Amino acid sequence: KWYRKSAEQGNADAQFNLGLMYDNGQGVEQDYAEAVKWYRKAAEQGNAAGQVNLGTMYSNGRGVEKGFVTALAWYNIAVANGEDEAKNLKTSIAKKLTPEQITKAEELVKEMTKNNPKLLK
């Protein structure tokens with residue numbers, strides 16, 4: 001209840017935690033699409049943990065269409081924000097991609113950060 005109130009008021013940490021709750025079915029019914037919604041809100045405010053988890057949702061196709069390029073883009077942004085966990089995830093997913101797809105992910109990062117400078121803290 002309190003996470004939701006705070007999340008709805010724009011608190012990125014609460015948004016991340018609410019996403020985690022939906023992702024894991026803690027205190028709410030598990031709902032990946034709802035988890036993605038809250039992770040995205042946190043990620044768009046520069047919350048690195050939200051960026052990692054959003055990337056993982058894309059990597060696994062949970063709540064969104066599976067997309068390794070988009071996942072890599074979110075991991076790259078999280079790494080730029082100092083999220084150590086994202087480094088290993090980035091390396092792991094990059095092994096599944098072609099050089100062209102990696103370039104596409106890098107271009108996506110540039111576009112995303114240009115459209116929303118708050119992605120980077």
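Predicted model: local features only at pLDDT ≥ 70, side-chain atom pairs only at ≥ 80, totals over all residues.
Colleague: Which type of aromatic pair do Phe 16 and Tyr 39 form?

Modeller: The search of the whole structure finds 1 aromatic pair. Its members are Phe 16 and Tyr 39, with 5.9 Å centre to centre and 35° between the planes. Planes under 30 degrees apart would count as stacked, and over 60 as edge-to-face.

Colleague: Which residue has its charged end over the ring of Trp 38?

Modeller: A charge counts as over a ring only if it is within 6 Å of the ring centre and within 35 degrees of the ring normal. Over Trp 38, the distance to the ring centre is 5.7 Å. The residue whose charged end sits there is Lys 41.

Colleague: Over the face of which residue does Arg 62 lie?

Modeller: Arg 62 is partly exposed, at a relative accessible area of 25%. Its distance from the ring centre is 4.9 Å. The ring belongs to Tyr 32.

Colleague: Which residue forms a salt bridge with Arg 62?

Modeller: The whole structure holds 3 salt bridges. In the one with Arg 62, the closest N and O atoms are 3.0 Å apart. Arg 62 lies in the loop between α4 (48-60) and α5 (68-80), and its partner lies in helix α2, 39 residues apart. That partner is Asp 23.

Colleague: Is Asp 23 buried or exposed?

Modeller: Buried means under 20% relative accessible area. Asp 23 has 8%. Asp 23 is therefore buried.

Colleague: What separates Lys 37 and Glu 34 along helix α3?

Modeller: These two form a salt bridge, with the closest N and O atoms 3.4 Å apart. Lys 37 is partly exposed at 37% relative accessibility, whereas Glu 34 is buried at 18%. They are 3 residues apart in helix α3, so the separation is about one helical turn.

Colleague: Which residue meets Lys 87 in a salt bridge?

Modeller: The N to O distance here is 3.3 Å. Both partners are in helix α6 (residues 84-94), 3 residues apart, so about one helical turn separates them. Lys 87 is partly exposed at 43% relative accessibility.

Colleague: What span does helix α7 reach from its first C-alpha to its last?

Modeller: Helix α7 covers residues 99-115, which makes 17 residues. At 1.5 Å a residue, the expected span is 24 Å. The model comes close to that expected value, reaching 24 Å.

Colleague: Within what arc do the buried residues of α7 fall?

Modeller: The buried residues of α7 are Ala 105, Val 109, Met 112 and Thr 113. Seen down the helix axis, they line one face, because they fall within an arc of 90°.

Colleague: Which exposed residues does the face of α7 turned away from its buried side carry?

Modeller: On the buried side, what covers the residues includes α5. The face turned away from there carries exposed residues. They are Pro 99, Glu 100, Lys 104, Lys 110, Lys 114 and Asn 115.

Notes
Residues numbered from 1 in each chain as written. Heavy atoms only, no water. Phe/Tyr/Trp six-rings, centres within 6.5 Å; stacked < 30°, edge-to-face > 60°. Salt bridge = Lys/Arg side-chain N within 4 Å of Asp/Glu carboxyl O. Helix = DSSP H or I, 4+ residues; strand = E, 2+ residues; numbered from the N terminus. Buried < 20%, exposed > 50% of the residue type's maximum accessible area, 1.4 Å probe, protein only. Expected span 1.5 Å × (residues − 1). Arc of directions from axis to C-beta. Contact = heavy atoms within 4.5 Å.
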